[in-house]
Amino acid sequence: TKCESGCVCADGLYENLDGGCVPAEECPCEYGGLAYGRGEQIQTECEICTCTKGKWKCVQKTRCSSTCNLYGEGHITTFDGQRFVFDGNCEYILAMDGCSVNRPVSSFKIVTENVICGKSGVTCSRSISIYLGNLTIILRDETFAISGENSAVQYKVRKNALHLMFDIIIPGKYNMTLIWNKHMNFFIKISRETQETICGLCGNYNGNMKDDFETRSKYVASNELEFVNSWKENPLCGDVYFVVDPCSKNPYRKAWAEKTCSIINSHVFSACHNKVNRMPYYEACVRDSCGCDIGGDCQCMCDAIAVYAMACLEKGICIDWRTPEFCRKF
């Protein structure tokens, strides 16, 4: 009814993120706060998605797997992609099956044991126990020990300069690859041939991150601390009531943490920046670097950067970021 100052796109054209007018075929797509151009692809572990006319068109992969990450001082990314942080000095169930009331028998259980690694009270995952019936694998002190046996489970151990890897097959149920950097980082990559319910701190693996905080009592917790406390392996451990902010506790370390972790935001990782959102990894790196104040501070920082490098590798981007002066391999 009246004129307003400003610019509009002509009929059939649409404004893009740079403020220009483009036809529908040229419209970008958004994912994780990043823009992708026409024809660009992103891959999840279950889908390949292509940007078409401003919308993602996704094709399901024939074999679908998902990964749960436990890294640094209690950072977890669940199988369905939910992120949270916790500090707790106890044993916690990361993942197990046999969670349903109808089928309470578990064929696997993975437990993390946390120990204090900073004056501010932050914890680091130092020990992982994998229970496969009568077969037990313990990861601790940069090595592993295997006891018992289970003829129904197939497993293979692989090593490289930085990691111990365990390929585990439970026939008819699961194929798992467990990757441990011999320090604080642990990854569970799983594909399943059954709809068996999975539970624990890694979530319920049902494709919906909104209900990942499902407690042992089968209700969705209102916050991550209630959820974490429900998955204690030892009920005698104390509950966690708050999450420590190490940079507030150790403000003198914050500038150093931000400076060293800035490699994630630098040109070194530029090839990965539009593939994997770097901010959660940068923030985790700063938090961990502030918190590791009883020795091992550089190890904490390097482990945090390595998690981003591994996420890039999952997207096909290999970053050569380690040098003899910065986070060397040995």
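In the predicted model, three strands form an open sheet in the order β5-β6-β7, and their pairing is antiparallel. The edge positions are taken by β5 (41-43) and β7 (55-60), each of which pairs on one side only. Direction ignored, neighbouring strands of this sheet are turned by 25° against each other on average. Between β5 and strand β6 (residues 47-52), the antiparallel pairing extends over three bridges. Within this part of the sheet, Q41 stands opposite T50 in β6. The loop between β6 and β7 contains K53. The phi angle of K53 is near 50°, a positive value in a residue other than glycine.

A further open sheet is built from seven strands, arranged in the order β10-β9-β8-β19-β18-β17-β16 with antiparallel pairing. Its edges are formed by β10 (83-85) and β16 (154-159); each has a single partner strand, so one side of each is left without a neighbour in the sheet. From one strand to the next, the twist averages 15°. Strand β8 (residues 66-71) and strand β9 (residues 75-77) run antiparallel and are joined by three bridges. The bridge partner of L70 in this pairing is I76 in β9.

Antiparallel pairing is also found between β14 and β15, which are joined by five bridges. In this pair, I138 stands opposite A145 in β15. The two strands, β14 and β15, form a hairpin with two residues between them. The loop between β14 (135-140) and β15 (143-147) includes D141. This residue, D141, has a positive phi of about 55° although it is not a glycine.

The helical part of the description concerns α3 and α5. Helix α3 (residues 254-261) packs against helix α5 (residues 279-291) at an angle of about 140°, and the two axes lie 8 Å apart. Because of this angle, α3 is oblique to α5. The crossing in which α3 passes α5 is right-handed. On the α3 side, the contact involves K254, W256, A257, E258 and C261, which meet Y282, C285, V286, S289 and C290 in α5. By residue class, the contact of α3 with α5 divides into seven nonpolar, one polar and two charged residues.

A disulfide is a covalent bond between the sulfur atoms of two cysteines. The structure holds 10 disulfides. One of these joins C99 to C199, with an S to S distance of 1.9 Å. The torsion about the S-S bond of C99 and C199 is about -85°, so this disulfide is left-handed. The pair links distant parts of the chain, the two cysteines being 100 residues apart. Of the two, C99 lies in the loop between β11 (91-97) and β12 (109-116), whereas C199 belongs to strand β20 (residues 198-199).

Terms used
Residues are numbered from 1 along each chain as its sequence is written. This is a predicted model: local features need pLDDT of at least 70, side-chain atom pairs count only at pLDDT 80 or more; totals for chains, interfaces and linings use all residues. Side-chain values use heavy atoms; hydrogens and water are left out. Axes are lines fitted to C-alpha atoms, for helices over the stretch in contact, and angles run from 0 to 180 degrees between N-to-C directions. Helices (H or I, at least four residues) and strands (E, at least two) are DSSP runs, numbered from the N terminus. Angles under 35 degrees count as roughly parallel, over 145 as roughly antiparallel, 65 to 115 as roughly perpendicular and the rest as oblique. A crossing is left-handed if the near helix is turned anticlockwise from the far one by less than a right angle, and right-handed if clockwise. Contact means heavy atoms within 4.5 Å. Ala, Val, Leu, Ile, Met, Phe, Trp, Tyr, Cys and Pro count as nonpolar, Asp, Glu, Lys and Arg as charged, and the others, Gly among them, as polar. Two strands pair if DSSP finds at least two bridges between them. A disulfide is a pair of cysteine sulfur atoms within 2.5 Å.
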